[in-house]
Structures are given as structure tokens and as C-alpha cells.
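I set down here, in order, what I looked up in the structure shown below.

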Amino acid sequence: MVPLGSFKAKYCNSCNVMKPERCHHCSACDRCILKMDHHCPWINRCVGWRNYKLFYLFILYATLFCFFIIASVIPPLVSRAKVITPP
Ligand SMILES: [Zn+2]
Ligand SMILES: [Zn+2]
């Protein structure tokens, strides 16, 4: 438990509000983001407390999709390589 008086609130000059700990102002979104991880250009918004799980799932499914593409491209390439190479 955090004792009273140890809370260090900071002031955001852009939003004109007091911001809690682990809150950062994103210059791209022009707003304060709680537990900000980074501003992601792929989803065009910040990854923070509200969408961290969704971003994690997005990365997981994108990785699985890459593995699926690789797995579906390799067998036709191998079969074509067998046809092209002379016996
Ligand atoms: Zn701000
Ligand atoms: Zn942002």
C-alpha cells in the first residue's frame, strides 16, 4: 500500500491537468495516456492501460499469421524446385 504523501503528481502543461504516476503525454495523440507503453504507428494510437491486452493479441495474431504464410508458401516452392532441378 502506498502511504499518503508519497504520491507524486505531475502537471501536464499541454492538457492542463494533474497527471498520476506512470502517465505520459503523447505528442502524436496530444493527450495524456495512463500507463503509456508507446505510440504505435501500426494502430495509429497509443498503447496503454486501456488497450494493452488488445495490442498484445494483435501482435500474437500477426505473428501467427506470418508463420501460417511461411508454412503455406514453403511446400509449393519445394515442389516446384523438384520439378525444375534435373534428375
Ligand atoms: Zn497531457
Ligand atoms: Zn499516441
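What share of residues 54–78 is helix, what share is strand, and how far apart are the end C-alpha atoms? I found 100% helix and 0% strand, with the end C-alpha atoms 36 Å apart.

I noted that this is a predicted model, in which local features need pLDDT of at least 70 and side-chain atom pairs count only at pLDDT 80 or more, while totals for chains, interfaces and linings use all residues. Residues are numbered from 1 along each chain as its sequence is written, and chains are lettered from A and ligands numbered from 1 in the order in which they are written.

I then read the UniProt record: an unreviewed entry annotates residues 54–78 as "transmembrane region". UniProt positions are given in the numbering used here, feature names are shortened, and annotations may be inferred rather than shown by experiment.

I listed the elements next. The chain has 1 helix and 6 strands (DSSP runs numbered from the N terminus: helices are H or I, at least four residues; strands are E, at least two). Their order from the N terminus is β-β-β-β-β-β-α.

For the chain of 87 residues, I recorded 6% buried.

His 25 stands opposite Cys 32 in β4. The two strands, β3 and β4, form a hairpin with 4 residues between them, and Asp 30 in the turn has a positive phi of about 55°.

Notes
A residue is buried if 20 or more other C-beta atoms lie within 10 Å of its own, exposed if 12 or fewer, and partly exposed in between; C-beta atoms are placed from the backbone. Two strands pair if DSSP finds at least two bridges between them.
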